[in-house]
Every structure is written in structure tokens, then in C-alpha cells.
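Here is a friendly briefing to read alongside your model.

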Amino acid sequence: MKRGYSLTQIGLHWLIAVLVPIQYLTGGSIERTHHAVHMGMAPVAWDIVQHHIHNYAGIAVGLLMGARLTLRLMRPPVQVGTETAADKIARLLHHGFYVAILAQAAMGVIASYVWFGIAPIHVIGSRIILAMVALHLFAATWHTFVVRDDTVDRMIFPRPNPSAENLPGN
Ligand code: HEM
Ligand code: HEM
């Protein structure tokens, strides 16, 4: 069991949660745009718009995730009681999100502006993140409807995060 998050951490979490699906909706336009250009045809205008959205929203996701990571390092979640196996898996998945999303945004920038050769790994990264999001959603649903605890509330209502020394039992 962990203590809660600040309003800024919560706001950033949900902003990222809105932007990431946009990446999946717009990602396919890039291949279509490049294909049209290689075939000597004019790309569809809406694909070009989506390509731009993908690049800029992706850069925003990377910067916002960097901001979240900085806040997390300044205000690490405090563990209350013994860490269960489920807590350990959740911690691993949360750490994995920071690594995977920051790497995904960095690979996208490299593919677009430096070296397109990295693009296949960016595509594989998108599948890995999709699986992680599915697991994350499953866990949130499980906590809400089966365990019926306050896990999702922690990401909705800001809560103070006292230092470990002030916690009961310490
Ligand atoms: C965390 C943020 C990001 C996610 C989740 C993401 C996700 C995706 C997805 C789902 C695709 C389509 C994969 C497919 O064809 O099946 C894609 C393609 C692509 N993305 Fe991103 N992306 C992100 C950030 C970025 C950024 C910041 C850029 C560039 C500034 C970028 C550039 C590209 C490029 C160039 C492709 C085409 C790759 C190809 O067709 O081989 N992405 N991305
Ligand atoms: C692509 C979208 C998402 C990403 C990248 C993401 C990422 C993360 C990360 C990294 C954390 C850990 C926070 C930390 O300890 O610093 C977290 C926590 C959390 N997320 Fe998400 N999330 C996403 C979408 C969602 C959605 C749609 C829900 C809906 C129910 C959700 C519910 C939660 C909850 C309840 C927590 C708190 C878990 C805890 O404190 O044990 N997330 N998320």
C-alpha cells in the first residue's frame, strides 16, 4: 500500500493518459505519408496533419513524462506496511512505464529527425507499451471492482505524502 500523489502528479498522469492513445490513432499516418512520397504521389492532406500531431504530441508526452519522473524522484511514493507481491509487480510496471515511454519518445525523435533506421524498434516499442497499458488498466479495474480498495482514488484525489519517519508504525 502506498500514500497518494500531488495535484500536479495527478494532472500530469491524466494528461499523458489522454495523449498516449492519440499516438496510436495517428501513428499509421506516417507510413502512409512516406509510402505516398516514395511512390511519387501526393500524400493525403489528413495524413500529413496526423503525422504532425503524432510528432508534436509524442514530444509533449516525452517532456511530460520527464516532468513526472522529476517530481517522483523529488517526492517518492511512501510504502505503508509490508510490500506485497502485487505491490512489487505494480512498482516494476510503473518504473517500466517511465523507461518505455521516455525511450519511445526519444526513438520517435531520432526516427523523424536523425536516423529513420530506428523506426522498427519504435514500432515494437509501441506494441510493448500497449501491452503495459492493458495490464495497467486491468490492474485498475481489478482494484476497483474485485479488491474494492482506494488505488484509483489515489490517482484522482491529491493526498499529502508525509515523510516515512512520520508514518504510523515507524
Ligand atoms: C510515447 C510516445 C509515442 C508513442 C506511444 C508512439 C507510437 C507510435 C505508433 C503506435 C506508431 C505506428 C506503428 C505502426 O505502424 O504500427 C508510431 C509510428 C511512428 N512514430 Fe511514434 N510514438 C510516440 C512518439 C513519437 C515521436 C515523439 C515521434 C517523432 C517526433 C514519433 C515518430 C514516429 C515515426 C517516424 C513513426 C513511423 C514508423 C514507421 O512507420 O516505421 N513517435 N509511433
Ligand atoms: C497510457 C496511459 C497511462 C500511462 C502511461 C500511465 C502511467 C502510470 C504510471 C507511470 C504510474 C505510476 C505513478 C508513480 O508511482 O509515479 C501510474 C499510476 C496509476 N495509474 Fe496510470 N497510466 C496510464 C493510464 C491510466 C488509466 C487509463 C488509468 C485508469 C484507471 C490509470 C490509473 C492509474 C492509477 C490508479 C495509478 C496509481 C497506482 C498506485 O498508486 O498504486 N492509469 N500510471
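Predicted model: local features only at pLDDT ≥ 70, side-chain atom pairs only at ≥ 80, totals over all residues.

Residues are numbered from 1 along each chain as its sequence is written, and chains are lettered from A and ligands numbered from 1 in the order in which they are written.

**Ligand 1**

- The shell around ligand 1 holds 25 residues, with Gly27, Gly58, Gly108, Ala119 and Ser126 coming nearest; a residue counts as near if its C-beta atom, placed from the backbone, lies within 6 Å of the molecule.
- Two or more residues each come from α1, α2 (28-38), α3 (45-74), α4 and α5, where helices are DSSP runs (H or I, at least four residues) numbered from the N terminus.
- The biggest contributor is α4, which gives 7 residues.
- By class, this shell has 12 nonpolar, 12 polar and 1 charged residues; Ala, Val, Leu, Ile, Met, Phe, Trp, Tyr, Cys and Pro count as nonpolar, Asp, Glu, Lys and Arg as charged, and the others, Gly among them, as polar.

**Ligand 2**

- Around ligand 2 there are 20 residues, and Val20, His94, Phe97, Ala140 and Met155 are the closest.
- Here α1 (7-26), α4 (85-113), α5 (119-147) and α6 (151-154) each give two or more residues.
- Again α4 gives the most, with 5 residues.
- The shell divides into 13 nonpolar, 4 polar and 3 charged residues.

**α3 against α4**

- The axes of α3 and α4 come within 9 Å and cross at roughly 145°; axes are lines fitted to C-alpha atoms, for helices over the stretch in contact, and angles run from 0 to 180 degrees between N-to-C directions.
- The contact includes Gly58 and Gly62 of α3 and Ala105 and Gly108 of α4, where contact means C-beta atoms, placed from the backbone, within 7 Å.
- This contact has 10 nonpolar, 6 polar and no charged residues.

**α4 against α5**

- The axes of α4 and α5 also come within 9 Å, crossing at roughly 150°.
- These two helices are therefore roughly antiparallel to each other, a label for angles over 145 degrees.
- Among the residues that meet are Phe97 and Gly108 in α4, and Ala119 and Ser126 in α5.
- The contact of α4 with α5 has 15 nonpolar, 7 polar and no charged residues.

Note on methods
Contact = placed C-beta atoms within 7 Å. Parallel < 35°, antiparallel > 145°, perpendicular 65-115°, else oblique.
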